[in-house]
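Hello,

Here is the structure I promised to pass on. Please open it first, then read the notes below.

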Protein chains: 4
Amino acid sequence: MIVVMKIGASQEELNNVTQAAEELGFSSHVIEGKERNVVGLVGIAGQRDKMNVIGQLAGVENIVPISKPYKLASREVKPEPSIIDVCGVKFGGENIPVIAGPCSVENEEGVIKTAEFIKAAGAQMLRGGAFKPRTSPYSFQGLEEDGLKILAKAREATGLPIVTEVTNPRYVDMVYKYADMFQVGARNVQNFALLSELGKTDKPVLLKRGMSTTIEEYLNATEYILSEGNKNVILCERGLRTFETATRNTLDISAVPVIKEKSHLPIIIDPSHAAGHWQYVGPLSKAAVAIGADGLIIEVHPEPEKAWSDGAQSLTPTQFLKLMGSMRSIALAIGRTI
Amino acid sequence: MIVVMKIGASQEELNNVTQAAEELGFSSHVIEGKERNVVGLVGIAGQRDKMNVIGQLAGVENIVPISKPYKLASREVKPEPSIIDVCGVKFGGENIPVIAGPCSVENEEGVIKTAEFIKAAGAQMLRGGAFKPRTSPYSFQGLEEDGLKILAKAREATGLPIVTEVTNPRYVDMVYKYADMFQVGARNVQNFALLSELGKTDKPVLLKRGMSTTIEEYLNATEYILSEGNKNVILCERGLRTFETATRNTLDISAVPVIKEKSHLPIIIDPSHAAGHWQYVGPLSKAAVAIGADGLIIEVHPEPEKAWSDGAQSLTPTQFLKLMGSMRSIALAIGRTI
Amino acid sequence: MIVVMKIGASQEELNNVTQAAEELGFSSHVIEGKERNVVGLVGIAGQRDKMNVIGQLAGVENIVPISKPYKLASREVKPEPSIIDVCGVKFGGENIPVIAGPCSVENEEGVIKTAEFIKAAGAQMLRGGAFKPRTSPYSFQGLEEDGLKILAKAREATGLPIVTEVTNPRYVDMVYKYADMFQVGARNVQNFALLSELGKTDKPVLLKRGMSTTIEEYLNATEYILSEGNKNVILCERGLRTFETATRNTLDISAVPVIKEKSHLPIIIDPSHAAGHWQYVGPLSKAAVAIGADGLIIEVHPEPEKAWSDGAQSLTPTQFLKLMGSMRSIALAIGRTI
Amino acid sequence: MIVVMKIGASQEELNNVTQAAEELGFSSHVIEGKERNVVGLVGIAGQRDKMNVIGQLAGVENIVPISKPYKLASREVKPEPSIIDVCGVKFGGENIPVIAGPCSVENEEGVIKTAEFIKAAGAQMLRGGAFKPRTSPYSFQGLEEDGLKILAKAREATGLPIVTEVTNPRYVDMVYKYADMFQVGARNVQNFALLSELGKTDKPVLLKRGMSTTIEEYLNATEYILSEGNKNVILCERGLRTFETATRNTLDISAVPVIKEKSHLPIIIDPSHAAGHWQYVGPLSKAAVAIGADGLIIEVHPEPEKAWSDGAQSLTPTQFLKLMGSMRSIALAIGRTI
């Protein structure tokens, strides 16, 4: 931690800072500047709570933390990239798996039909929501356990592993019985009670970034899972909330290289929720492959105009098939496969 | 719902829209414009899911919803303001109650001492966190049930009702035993599983606005509580996430008049989390009273420089006492009391 | 400047940093931490350009500047508050002047009538736009010099000093002939060519904050005026761009105490552009007085429903008169006058 | 325009709206809804100023504009894409031109050396700043006309057309003498005085999007150029201001498909200013090609660690050469060339 003193802070104020720091267990090093002094404090990392109080002492302008608050997600702790295996589908390696399926599970026939189609087109996992966190309580909330059963049948029919959202710590056990990977939605990225619970399970977790979560907070959120023992976390960028309304969210595609630099965890892209309009999903998917994403999760619905949720951003099976072809060409150009 | 057609959309595309709308149960009214046509659809409100699909039909530029997605929170349903009574403390009337106390419950002696002090200064409720949702799992997470017991003792000692945060649907019953009002933090504003559970209880809920929640989404979130039967919801603005870093968050003080226009629910201000620095808490509190907030929730700690969390934004008892005086003068100037 | 080295950076990388720093004229102080090293560099402030390059050396995690980039606007250079005098109207003292008038100058009769009315209500300056920077070139762009002449006549009729916007360095001379204070709009806050030109004049400048300008950038922008010799700058917060659409912009009312802490320059509030809807202008104005703003600039139009621009956010004369009364009570409560 | 009436608005209020609309020259069509009425107004587009006043009438909830405020930039006016020719370099066609060069012009030898290098690597235009709008007046402001002369010499030496920034309407004539394309920086995107002046010239304009400019405002800004007669405008996305600080700005890569849908103008990407760190420039450039951008503008400096500005985000010639190869493979994969 660096303590920046105010211009004109007194020697006594400086002494108070070094003394307080030493009481908190830090050793301190004063650097005399031309305008002002700064004090470097050396000690145990991660004690931000107690460290912050130094910022309030008289004569202190501000404090600057040096060590990162996350550990297990960091490249500094684990330099080589993690490859997360979900029933044989590997995220984080040369291959770029595509997860596809409807926003919400509506009926058995539709889900199985979709699953068969996306498998034929080259998708490696099936997505579908049985618990839907909707902005309004009057919108469709999902089929719950019946939805999970339908997903399990689609897996049986196609062999595709399934990923589905869990929104309540109470339902972790129930979802565990059916899912191959848990999904935590953007609104729950800092639902720490839920994350800790998932950290105690042995199934992978797809943790979506919140729409106003910084990358540092996002990696901190993964620590709630990792520190409980579950090392199988896949990250997913799905768009930030900004002032721009032409898209549902603003896809922060830079998050891919930034996260790859800071963390060993795989990072995939959800172009559907970012775009909010089907016609932008294809372009964003191609950009995701080119920038080095470790996977994609794309909404596909046999009849988007009849979908119970998110129809506007779902691709038809035909559009999806065509997109898979385009993405494959780009993957090839960068030396990867889809 | 208004359907805006593209310039140059064909008659057939227009017919498809009106036909699809009628199949969905709407009656349609075409308005022929100079550049393009628009179609007004009349029908049952709140069917946004199914309505959205019309936006995808060929020739449609975009769609504009007319009815608000929230009902029970709306002034249109209940024009007169709601007064929420928490063990005799009334939010939403002429009086402006101040809730005060430490960020987190640390020990019995400190909490009781703080409670006695803030009561003497004129605060009407005690706040204190026993479950702390912290960005990092390595930060202090709260004393949990032991913390709740300390709060209950402070209530016994002072008679001040207590408000404390609940973060997990599993702990609603436990917190219910001790608290007079539940608090839902900003990160959980769209934790719908938690909100629904609180909607089934009979104790008031202080629901904080998320740092990137629009006012419309915020009022929708209250519907998860209200629609389960619990009508006692108090809103709380505590700052938005913006690019500005001089303050921890950007207090959206306009939310007070906006919410008062759209909703009958009381709205209070949390200046401490917005400011992030104690020296801005006083000015923001005074602005909150002047703009018409129905209450405040302010962090006070006997020794902020030793607080386990949020010390930087906590007032000392002396600062709080002085602020209460300033706020009282302003309340008087606008015909209210504190 | 503090240089944070990567965990595991080599001794050679550390040496390269200290050597490069010394070549750039800094003296360097290495602090050995438990996880990583940091290097404090002491030297001439304000050389950010050249300093940044150190951030790119191998083994460097990031760099942290210590000195502030602005000087003349800073409290560190001038601790006591500046009082800016505009033809006898003083901003920055105990009195809180109110500037009022229409968004744009439309015709002589209307402007003079408005000026007389606002003067009677207690406003101390007249505002009105003759050059209007409008989002679309097809919107009304202002009466230009004819508008300035009308403003001058209104000054003659009432004695109120006038403030009006200048948008083009070419027109600084023309506006100078008529105005008592230049206004620079939010879109031009970083139009440095314009600011430098105004810095060479001897009339005060009302510089509005941009809708996405940080406070640090804002104070930097004032340096373009101050460093040319013109010390008479008044700041004005008028709302940030955020995701919230219930108001036209999100008024960052915290900017008042933050700027008062960092700078000696007066800061006033424009509630009209922040709100975008007349019904929120009154509440925001009252909050502005309570928080300690040094003035207000409020749009008033004799018939808002016929205004050529910004009618939706203009107060009628009657609404303005009532608001002046409310603001006076609050000013009294905090020991100031309006 | 659609006028949404309040629930419970009276018949008299409705009549006032239709009457006011008719006085303003609109014909009105009332649609009776189940909860409330809406009124469709048909009339001349683009009269937003006068239309807004209807929003203030009693009983009106809000108003919804239907027609877009921009015309000449719109696909509705010109459906086929525009190809902008800058001395033989074509933007908007199958080929994707790359513009490269240093942030600021520092000396003749360096610029010519860089120009020769980037030409050899396949760049088709040279960039370099002679007028630098810097956040602080104490940062390097550019060599001004001397810088322009150096650029002209580099053009002579290499045949590469040059693009350079103009920041002041006063200097348009001077820059015109040297540049092949004007650049307007992000801070000046709504400097309408400057845009109008450029609209009167016959050289192409590269207009960068502001960091908090919506796409609608951005296209409106182009109208200031287009409506003066200059049809040669190239758009450039360079990152939005958000809360995320890991990158200098958040590249809104979705702007490419959105703008291509709404406008016929070419849109290129500036990955350097968005990233702010050289290591992210390559990934963003590849994403830009994959998503369909019509060009790139990339900062290249022979010795970034000695650059006078933006060194941290500049590529070395070797990094640039390698990136050109990667981009070419991706261009090939999507059927385009670089």
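Leaving aside its neighbours within four places in sequence, which residues is C:Phe320 in contact with? Keep in mind that this is a predicted model. The contacts of C:Phe320 are C:Val98, C:Ala100, C:Ile118, C:Ala121, C:Ala123, C:Ile298, C:Val300 and C:Leu315.

That residue is part of a bigger picture. The largest nonpolar core has 182 residues. C:Phe320 is among those with the most contacts inside it, along with C:Ile298, B:Ile298 and B:Phe320.

Next, look at a sheet in chain C. Four strands make up this open sheet, in the order S2-S3-S1-S4, with antiparallel pairing. Strands S2 (27–32) and S4 (60–64) stand at the edges. Each has a single partner strand, so one side of each is left without a neighbour in the sheet. From one strand to the next, the twist averages 20 degrees.

Now zoom in on one pair. Strand S1 (residues 2–5) of chain C runs antiparallel to S4(C), and four bridges join them. C:Met5, for instance, has C:Val60 in S4(C) as its bridge partner.

Last, compare two chains. The same surface serves both: 100% of the contact residues of chain C recur in chain A.

Best wishes

Key
Residues are numbered from 1 along each chain as its sequence is written. Chains are lettered from A and ligands numbered from 1 in the order in which they are written. This is a predicted model: local features need pLDDT of at least 70, side-chain atom pairs count only at pLDDT 80 or more; totals for chains, interfaces and linings use all residues. Side-chain values use heavy atoms; hydrogens and water are left out. Two strands pair if DSSP finds at least two bridges between them. Helices (H or I, at least four residues) and strands (E, at least two) are DSSP runs, numbered from the N terminus. Axes are lines fitted to C-alpha atoms, for helices over the stretch in contact, and angles run from 0 to 180 degrees between N-to-C directions. Contact means heavy atoms within 4.5 Å. A nonpolar core is a set of buried Ala, Val, Leu, Ile, Met, Phe, Trp, Tyr and Cys residues joined through side-chain atoms within 4.5 Å. Buried means under 20% relative accessible area, exposed over 50%, partly exposed in between (1.4 Å probe, protein chains only).
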